[in-house]
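Opened the notebook for a quick look at this one. Plan: get the overall picture, then look up a couple of residues.

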Amino acid sequence: MRCGNLTRFDVTRRTRLREFLHLDLGGHPTVEETEVLLDELEQVRCRWCDAVDSVELVPRPDADDAG
Ligand SMILES: [Zn+2]
């Protein structure tokens, strides 16, 4: 049974990254390059009714989900 929520979910994912770290003279690190070694979706939970895995997410590799 679905509550109708289509836009807000808690997503648990396993991500493994390799970062190219560049330290400036002051010792402040900057990540210049990020390589995704593993990006695995573990669980999607509805924030409204707590239903787990009742939702299918369509992967959009070029979508910016930082917001
Ligand atoms: Zn729901």
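Below are my entries, overall picture to begin with and single residues after that.

**Entry: the chain overall.** I kept in mind that this is a predicted model. I looked up the secondary structure and got 0 helices and 2 strands for the protein chain. Next I checked burial: the chain has 67 residues, and 0% of them count as buried. Then I turned to contacts between residues at least 6 apart in sequence, and 49% of these join residues at least 24 apart.

**Entry: Glu 32.** Where does Glu 32 lie? I found Glu 32 in strand S2, which covers residues 29–46. Buried or exposed? I counted 9 other C-beta atoms within 10 Å of Glu 32, and exposed means 12 or fewer, so Glu 32 is exposed. Leaving out neighbours within four places in sequence, I have Glu 32 in contact with Phe 20 and His 22. I also noted the spacing to His 22: Glu 32 and His 22 are 10 residues apart in sequence, with their C-alpha atoms 6.5 Å apart.

**Entry: Glu 42.** I went on to Glu 42, which is also in strand S2. Glu 42 comes out exposed, because I find 9 other C-beta atoms within 10 Å of it. Which residues does Glu 42 touch, not counting those up to four places away in sequence? I got Thr 12, Arg 13 and Arg 14. I looked up Val 11 too: Glu 42 and Val 11 are 31 residues apart in sequence, yet 7.6 Å apart in space, C-alpha to C-alpha.

Note on methods. Residues numbered from 1 in each chain as written. Predicted model: local features only at pLDDT ≥ 70, side-chain atom pairs only at ≥ 80, totals over all residues. Helix = DSSP H or I, 4+ residues; strand = E, 2+ residues; numbered from the N terminus. Buried ≥ 20, exposed ≤ 12 C-beta atoms within 10 Å, placed from the backbone. Contact = placed C-beta atoms within 7 Å.
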